[in-house]
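Please examine the structure shown here. The questions that follow take up selected features in turn.

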Amino acid sequence: MRRRIVTLAVTAAMLAIFLFGLPLAFGVVKFYRASEYSELERAADAVMVAVAPDLVEGIPPTRLPHPDAEEAEALVGVYTPDGTLLIGDGPKKADDVVMKAKGSDWASGDDGDQLVVAVPVVNGEELSGMVRAAIPQSQLYRHVAVTWLGMLGLAIVAIATTWLVARRLAARLARPLEELSAAAERLGEGDFTVRARRAGLPETDRVAETLDTTAERIRETLEREQAFAANASHQLRTPLTGLRLQLEAALETPELDPRHAIAAGISSADRLERTIDDLIALSRQSRKPKTPLDLHALLAQLRPGWEELLNGRGLRIVTSDTWPPRASAAAVRQVLGVLVDNAVIHGSGTVTVTVREAGDAIAVDVSDEGPGIDGEVDLFAIAHTTAEGHGIGLALARSLAEAEGGRLRLTRPEPPTFTLLLPGEDPAGGD
């Protein structure tokens with residue numbers, strides 16, 4: 001990229017120099033030609049003034065005046081009215097330029113390899129002679145060549161300056177892009193801590209900010225997925241262990257009727273299978289909820305299973321008219337299952353599930369009549385599902401809630417009350 005920027009800049013400079021320099025070069029030729037004609041005219045006028053008295057009297061001049069420094073290179077000759085050279089340098093017979101001066105104030109033109117200017121010597125209306133001044137055209141070419149060489153030198157300096165400036169600008173423009181490319185490559189290799197340096201260029205800085213945001217989102221997503229997978233694999237072992245213990249206990253007591261153990265095992269296997277299906281569905285779907293959830297229908301679906309788990313302890317579900325939350329049914333089913341399991345194992349008395357509005361969110365409270373919980377213990381940092389439980393653990397339940405944009409927390413230690421907050425949308429204030 002740097003080479004392309006430098007090449008484009010130098011090419012643009014060369015094109016600009018050519019477009020401006022070519023007309024200027026022709027202008028230089030025209031300027032020097034006009035300047036040489038002017039010098040020749042002055043030289044001819046100076047000689048004409050000096051020899052005019054003699055020519056008017058019909059006396060041929062015997063010498064020419066000493067030329068000035070600016071006129072020293074001019075070749076000057078004096079001619080009779082019929083075009084014969086009297087004195088000085090020039091052709092023996094007057095050329096066309098000299099003959100043109102007979103009928104005008106002065107004449108100029110080229111004669112072979114010379115630039116020529118001729119002026120007439122007149123006495124009233126009578127022509128007394130002509131004065132011819134000439135220089136070799138090589139002198140004109142020499143002045144033009146020196147000027148052209150100077151212009152070429154300036155062009156080279158301009159191109160070299162453009163090249164140096166272009167290299168500096170190319171480095172400044174390309175370095176942020178190269179660093180962004182390196183950062184993107186590191187991001188592709190799995191280094192999500194990479195951050196792009198700001199270069200002070202608004203366009204590249206916006207790309208750098210977007211890349212940093214993308215890296216942070218990918219890092220958070222992977223960390224959440226890794227934690228989710230680790231918690232799920234750990235917590236699913238607990239109900240499997242409980243199921244195994246139930247079956248082993250049935251084998252060790254063959255005198256008892258195995259149907260109860262088989263029915264309990266099938267029930268545990270069904271719940272475990274449903275848990276696995278929900279976890280798989282949650283891992284595959286987008287974490288951003290898109291459709292409203294019929295929470296009342298979900299609670300009605302879960303009620304029979306919870307009553308079986310409570311085994312006569314009592315279940316009370318209190319609902320109110322609320323707008324539907326935006327959350328995954330699988331995630332809410334698993335989180336509420338954890339909370340009810342937790343109440344069955346660690347609590348006592350009637351389990352109450354309450355649905356209510358909590359500002360812009362929908363709150364689902366799960367409480368029981370058991371003893372209070374030590375508020376200094378972080379319940380969400382350890383596994384609380386024992387071998388007899390069938391849930392996925394409070395830690396994973398909290399991660400499921402947060403993945404849905406909600407929260408799970410202990411809102412009251414006595415009686416124990418856990419609250420699941422789900423994002424909701426008030427239809428009256430909707431789109």
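Q: How do the residues of the lining of the second largest pocket divide into nonpolar, polar and charged?
A: In this predicted model, a pocket is an open set of points on a 1 Å grid over the protein atoms alone, with protein on both sides within 12 Å along at least five of seven lines, and lining residues have an atom within 4 Å of a point. Ala, Val, Leu, Ile, Met, Phe, Trp, Tyr, Cys and Pro count as nonpolar, Asp, Glu, Lys and Arg as charged, and the others, Gly among them, as polar. The lining divides into 13 nonpolar, one polar and no charged.

Q: Which helix supplies the largest share of the lining of the second largest pocket?
A: Helices (H or I, at least four residues) and strands (E, at least two) are DSSP runs, numbered from the N terminus. H1 (2–56) and H3 (137–188) each supply at least two residues of this lining. The largest share, eight residues, comes from H1.

Q: How many of the ten residues of helix H8 are buried?
A: Buried means under 20% relative accessible area (1.4 Å probe, protein chains only). Leu394 and Leu400 are among the buried residues of H8. For H8 (residues 394–403), the number is seven.

Q: Which peptide bond is cis, with omega near -10°?
A: Proline 415 lies in the loop between strand E9 (407–412) and strand E10 (417–423). The cis bond runs from glutamate 414 to proline 415.

Residues are numbered from 1 along each chain as its sequence is written. In this predicted model, local features need pLDDT of at least 70, side-chain atom pairs count only at pLDDT 80 or more, and totals for chains, interfaces and linings use all residues, while side-chain values use heavy atoms, with hydrogens and water left out.

Notes: Buried < 20%, exposed > 50% of the residue type's maximum accessible area, 1.4 Å probe, protein only.
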